[in-house]
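Here is a short briefing on one protein model. Look over the sequence and the coordinates before reading on.

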Amino acid sequence: MKPLAEHGTTARAKGRPVAGIPGCPCHPCRQAENAYDKRRRYLNQTGRTLMVDTAPVAAHLRGLFAAGAGWIQLSAISGCSSSTISNLLAEKNPQCRRTTANKILAIQPGDAIPNQRRIPATGTIRRLRALVALGHKCADIDTACRIDHSVLTDLLTARRDTVTVGLAKRVADGFEKLSKTNGTHARSLRRAARERWAPPAAWDDIDDPNAGPDWTGHCGTDRGWWLHRLEEIPTCVRCEAAHERWKADRAHLAREERWAEIGRARATARAREADLAHDARELMRYGADTEQAAHRLGVTRPHLHQALKRHPAGEAVAA
């Protein structure tokens, strides 16, 4: 049998009627029970009852389990025992304490997944490749992410479709540390350029399997293809496909018309680059550095650097 609660608590004041243990009549216990009743009446009067419906909590728990949550992890995060979680899941009682409900409802899908459970490796692979694209040495990435070099090699070459949650967390932590600085390892930079691996700034949602990197701010369009060419950034697959579609849509045009269209497309992209350089200098005039300016303008730092290099201060900006 569990030991009795300490004096001065509502649990000791109420006792255990089922077990035949009466409530404690001492002064501290009576004070605790009176304070509890006073707060309960106040919350009831203001529409914030101590008890709430169990059904929404049970539904949230079912969603957490469907997302891969584990019993031990849920219990640790919420501070609730496994028996409490089991009773809530089965809706054993129509109501539960508001404080307990709030703890459960605050847990988001993915928060309570066991470290050994396997998840898609998409985000982990992209993070590691992005670090290589920044010029970091593989040995430094191994150390920051706390993984073996053989594991890094398998992930960089996409020989693994899944990883454990624990490994994904370690890589995410290492990515958070290394992605804030640029490396200088020439071999990593050459490999990333050859493989077309995108740096961190090119990703809006690095974990979304349907998302693609945006190197230029217009990737996936013909303008993006021209920006790749103008800024000497290796052309991405999405821009190559968009440029092929652009050419196919204009295949019926006469030679002179087609060349005129190409000239206009190139000029539009170059004007965009000049505007980008002008806007970046305005931001930097107010104290932003290159990294901050690139983030505000929605482009990668190398992209912005090339735009500033090609369009020096004082160059006229197209109206």
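This is a predicted model: local features need pLDDT of at least 70, side-chain atom pairs count only at pLDDT 80 or more; totals for chains, interfaces and linings use all residues.

The protein chain holds 16 helices and four strands. Its radius of gyration is 30 Å, whereas a compact globule of 319 residues would have one near 20 Å.

**Overall form**
- The C-alpha trace of the protein chain spans about 95 × 50 × 45 Å along its principal axes.
- Take the contacts between residues at least 6 apart in sequence: 63% of them join residues at least 24 apart.

**Surface and charge**
- Of the 319 residues in the protein chain, 36% count as buried.
- The protein chain has an accessible surface of about 18800 Å². Carbon and sulfur atoms account for 51% of that surface.
- The protein chain carries 51 positive and 35 negative charges.

**Aromatic pairs**
- A search of the whole structure gives two aromatic pairs.
- One of them joins Phe65 and Trp71, with 4.9 Å centre to centre and 40° between the planes. This pair is tilted.
- Trp71 counts as partly exposed because its relative accessibility is 37%, between the 20% and 50% cut-offs.
- Trp225 and Trp226 also pair, with ring centres 5.0 Å apart. Their planes stand at 85°, over the 60 degrees required, so the pair is edge-to-face.
- Trp225 is buried, at 12% relative accessible area. Trp226 is buried too, at 9%. Both values fall under the 20% cut-off.

Note on methods: Residues are numbered from 1 along each chain as its sequence is written. Side-chain values use heavy atoms; hydrogens and water are left out. Helices (H or I, at least four residues) and strands (E, at least two) are DSSP runs, numbered from the N terminus. The radius of gyration is taken over C-alpha atoms; the globule rule is 2.2 Å times the number of residues to the power 0.38. Buried means under 20% relative accessible area, exposed over 50%, partly exposed in between (1.4 Å probe, protein chains only). Contact means heavy atoms within 4.5 Å. Accessible areas come from the Shrake-Rupley method with a 1.4 Å probe; for residues, only the protein chains shown count as cover. Lys and Arg count as positive and Asp and Glu as negative; His and the chain ends are not counted. The place of a charge is taken as NZ of Lys, CZ of Arg, CG of Asp or CD of Glu. Rings of Phe, Tyr and Trp (its six-membered ring) pair if their centres lie within 6.5 Å; planes under 30 degrees apart count as stacked, over 60 as edge-to-face and the rest as tilted.
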